[in-house]
Amino acid sequence: MIELTIDGIKAKVEEGTTVLEAAREMGIIIPTLCYHPGLSPYGACRVCMVEVVKGDHSSLEASCTLPVEQGQVILTNSEKVTRARKLIVELLLSSCPNSKTLQDMAANMGINKVRFKIKDRGCILCGRCVRYCKEQMKSGGIGFVGRGTSRRVATAFDVTPEECRNCGGCEWICPVCEKACMADSLIDGLCGGCQNLAPVETCLVCTGCSESVSPQGHKVY
Amino acid sequence: MVNDYEKVKAIVDRYGGKHDSVIAILQDVQSEYHYLPEHTLRAVASQLDLPLIQICGVATFFKAFSLKPRGEHTVTVCLGTACHVRGAPAVLDEVKRQLGIEPGNTTADMRFTLETVNCLGACALGPILVVDGKYHGQMSLGKVKKVLNRYKKVQKDGRHEELKVSS
């Protein structure tokens, strides 16, 4: 058993678990996008960033790929972490503004403007579909092609491969496809629907907001 | 096609059919065909028993691999910082004008492929124009035409003048 401190709470966890799993077991909320319990950790989206305190300095690490260590001190909600997460969500939103998951995340984090140029690519390259196809379906029909700004998820030579069983799992597991933001217009890259602070049962701006809306917006994590 | 399959098989066998030698295999396939034809990628995938997309991912990731047929000569213009300040963009424009193609493309007669590179590490020679691995330094707009013409001309025996000069 390994002893570590997360947000000032001491905990004992099995060796080999990740910081994210340990924190979730303790009931600490860490937002994630590319992480899925049924898939191997990937560390692509960086939204699960936590602060690892080492003596008088600290570093930011993606908790989904960070294994627990003896005596580790983790902060999941420090100013450094929230600032970094906000920036990451803004960056992700700029490449994929029509994801309700992302818009909700932005609303919960109090982001009120996306500072980057919006370039809608409809994908955040989290690799969930790729890993699902490979690990769960044992198929490997889709994967990443290209590099840098031209990197995208695709099938080989853009034709449906023999390996594809039309299971639709890639769409089902996608954090962007699963909930599309239905807001008509975006202001500063945000739909704003979920930032509605008035105490209403249903949000009138984006139609996807009908479930469990609190006065502070959604809690989707 | 059958012949191609055998060729690829020989290359794959040379590396013992190991999954971690995909890059080496693709390099050998590319040196055989000058590019990576679709059917050779399919052959590599089936012989290594890997999904085709994984091979495609590797082939599209590295700039050294090309999925498009390449010309006989590869013309590379360095656009690194040192070459840039010495006028490489103008050299590139001149090469583009001479060959009538954009970087990354091949002329219709399959003679030249134009590429750009971000630094060749020979900044003292800049601006540099590389044709088939031969460095032509201190390039000027006038010299571009001269250099390219050497490769454009074909000798009667089918060999290029440049090859004859260097041999």
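1. In this predicted model, chain B holds an open sheet of four strands, arranged in the order E2-E1-E3-E4, and the pairing within that sheet is mixed. Strand E2 (112-117) and strand E4 (134-136) of chain B stand at the edges, and because each has a single partner strand, one side of each is left without a neighbour in the sheet. On average, and with direction ignored, neighbouring strands of this sheet are turned by 25° against each other.

2. Within the sheet of chain B, strand E1 (residues 73-78) and strand E3 (residues 129-131) pair in the antiparallel sense, and three bridges join them. One position that can be checked directly in the coordinates is Val77(B), which stands opposite Leu129(B) in E3(B).

3. Two helices lie across the strands of chain B. Helix H6 (residues 88-99) of chain B lies across E1, E2 and E3 of that chain and runs at about 155° to E1(B), while helix H7 (residues 141-152) of chain B lies across E1, E2, E3 and E4 and runs at about 150° to E4(B).

4. Taken as a whole, chain B has eight helices and four strands, which follow the pattern α-α-α-α-β-α-α-β-β-β-α-α when read along the sequence. Of the 167 residues in chain B, 41% are buried. Among the contacts in chain B with a separation of 6 or more, 58% are between residues 24 or more positions apart. The accessible surface of chain B comes to about 9,000 Å², and carbon and sulfur atoms contribute 54% of that surface.

5. Chain A also contains an open sheet, here of five strands in the order E2-E1-E5-E3-E4, again with mixed pairing. Its edges are strand E2 (9-13) and strand E4 (57-62) of chain A, each of which has a single partner strand, so that one side of each is left without a neighbour in the sheet.

6. Strand E1 (residues 2-6) and strand E5 (residues 73-75) of chain A pair in the parallel sense over two bridges, and the bridge partner of Ile6(A) in E5(A) is Ile74(A). Helix H2 (residues 79-95) of chain A packs on the sheet, where it touches strand E3 (49-54), E4 and E5 of chain A, and the direction of H2 makes about 150° with that of E3(A).

7. Further along chain A, strand E6 (residues 142-145) and strand E7 (residues 152-155) pair in the antiparallel sense over four bridges, with Phe144(A) standing opposite Val153(A) in E7(A). The hairpin of E6(A) and E7(A) has six residues between the strands, and Gly146(A) takes a positive phi near 80° in this hairpin.

8. Lys138(A), which follows H4(A), has a positive phi, near 50°.

9. The cysteines call for a careful reading. With a disulfide taken as a pair of cysteine sulfur atoms within 2.5 Å, the count over all chains comes to zero. Cys34(A) is accordingly in no disulfide, the nearest cysteine sulfur, that of Cys45(A), being 3.7 Å away, and Cys34(A) counts as buried because its relative accessibility is 1%. In chain B, the sulfur of Cys78(B) has its closest cysteine sulfur in Cys83(B), at 3.5 Å, which is too far for a bond. Cys78(B) also counts as buried, at 1% relative accessibility.

Conventions
Residues numbered from 1 in each chain as written. Chains lettered and ligands numbered in written order. Predicted model: local features only at pLDDT ≥ 70, side-chain atom pairs only at ≥ 80, totals over all residues. Heavy atoms only, no water. Pairing = 2+ DSSP bridges. Contact = heavy atoms within 4.5 Å. Axes fitted to C-alpha atoms, helices over the stretch in contact; angles between N-to-C directions. Buried < 20%, exposed > 50% of the residue type's maximum accessible area, 1.4 Å probe, protein only. Areas by Shrake-Rupley, 256 points an atom, 1.4 Å probe, with all protein chains shown as cover.
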